[in-house]
Each structure stands twice: as structure tokens, then as C-alpha cells.
Amino acid sequence: MIRGVLLDVEGTTSSLSFVRDVLYPFALQRLSSFLLRRWGDAALGRVRGQLAADPAAVAFTAWSADDTPEAARSKMAGEALRLMAADAKVTWMKELQGLIWAEGYAVGLLKSHVYPDVAPAMRRWADAGLDVRVFSSGSVTAQKAFFGHTVSGDLTRLLKGHYDTSTGPKSAPESYRRIAAAFPLPPGEVLFLSDKAEELDAAAAAGMRTGLMARPENPPPPDDTPHSRFASFDMVLVEETTQAQPAAPEAPT
Ligand SMILES: [Mg+2]
């Protein structure tokens, strides 16, 4: 019985090319001006705190509490550019990216892509009483901005939770155990949908149900992957499973 759905974003709800060809270049192009304009914002202060707590970033930038704002901005921009170019999943950089995107959405410069089957399926699942959440390497800030401004409208009210790399890596079973506990549901009642076999392997190792999204532009998955394959959310018939079962939760074991 499935009572929760956990969604990956890139290659699952949304095209890889939107993230690669629209979102990433947008953050790169606006990074310096964003830091200059919004340096005093509380949200950017939190990102500075995250950078200062990241030993790798501090070592690489020679970050110091005594830096002038100009020096600190220059160090942050240089390290963020390096990490963005490497597509690194570093929490403070993803948070910074998310803030730049949130501004882009708010002023109407960005509208995020979701496949046409995504919003209708999310509504069906919500109507069937399913708890739908997102786990993405994009920061929670970025996820909320992303789903708040899609080509299918504002989908945030259909999502009950967001998880990013601060919960753990997407390739680690422990991350999925933590997320199931946060729902809270037994892992076996949560279906994780992703385009990446290694993420599904980790979720399955934690006891979650899994589905591999085979979107048209995704690279072909490995032939030997054991996960169910879906070309669209229309093929994911979790609500039938839910309705066929009594609604009472099982006693914890
Ligand atoms: Mg993905």
C-alpha cells in the first residue's frame, strides 16, 4: 500500500534541459550582481554562515571574518562559480543558487518546466489522500520557488514536504530512511520516483518502493535495473493501490 510519493525533480517532474540550459546559466549570469544588490539580506547572511561552517570552502577561499564586504563577495562569487561549473552538490552554493532563482521567478524572468502529466497526477494523488513530497539536490528554497512558478501554475499547495542535500546525499539509503521518518510513514509505504538508478537503489535499500522515470530526453537507464519503469506519471497508478486498502495505519513494529 502506497501512502506517500517522493519526487525527484530533474528528469522526473521536469526536463533536464530546463535545469541545464535555463536555470544554471541564469544563476551564473546573475551571481555577481545578486551578491552586490542583496548582500545585506538575512537570507544571504545565512548562506555566509553556511559557507563559514564549510571547511572545504573556508580552506579554498581563505574566508575570514575580517574580510571587507567587497573581499567576502569576491571570494564567495569565485568559489560559487567554481562549484557551479563543477555541478557540485554543496549546500551553501545550492542555497545561493536557490535565492537567485527565487528572485528570477518573483520578477517573472523564470517559469519552471514540468511535464504535462505532472500537475494532473499531483492533484489526483492529493485527492486520493496521498502525501506528496520532493527530494532534490536543489535547495528547499529553490524547490519552493520552482514549484511555485511552473508552466502548470503554482503547485506548492500539492506538496507537503521538501528535502535537499542537508538531509543527506541522494545516493545514501540513510537519507531515505530519514525522509520516511519525517513523513512519517514506513519506508515500504512511500514510492520514490526518479530518473537515476543509483538514487532508486539507495531508496530501495532503505525499504522504499521505487519507479524509474524514463522521460523522452533522459539518457537510457542501465539494462539490468530492477526498478519499475514509467514514461509518465499517468502510468503510476498509486491511487488504485491506496483505495483498495483500508485507510487505518498499521501498528508500528
Ligand atoms: Mg533526477
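The protein exposes about 11500 Å², and carbon and sulfur atoms supply 56% of that area. Accessible areas come from the Shrake-Rupley method with a 1.4 Å probe; for residues, only the protein chains shown count as cover. This is a predicted model: local features need pLDDT of at least 70, side-chain atom pairs count only at pLDDT 80 or more, and totals for chains, interfaces and linings use all residues. Residues are numbered from 1 along each chain as its sequence is written, and side-chain values use heavy atoms, with hydrogens and water left out.

**Overall build**
- The protein has ten helices and six strands. Both are DSSP runs, numbered from the N terminus: helices are H or I with at least four residues, strands are E with at least two.
- The C-alpha atoms fill a box of roughly 60 × 40 × 35 Å along the principal axes.
- Of the 253 residues, 50% are buried. Buried means under 20% relative accessible area, exposed over 50%, and partly exposed in between (1.4 Å probe, protein chains only).
- Among contacts with a separation of 6 or more, 68% join residues 24 or more positions apart. Contact means heavy atoms within 4.5 Å.

**Magnesium site**
- The protein donors of the magnesium ion are Asp8 (OD), Glu10 (O) and Asp195 (OD), at 2.1 to 2.2 Å from the ion. Donors are N, O and S atoms within 2.8 Å of the metal (3.2 Å for Na, K and Ca); water is not among the atoms, so sites may look incomplete.
- Along the chain, the donors follow the spacing D-x1-E-x184-D.
- Aspartate 8 counts as buried because its relative accessibility is 4%.
- Glutamate 10 has a relative accessible area of 23%, so this residue is partly exposed.
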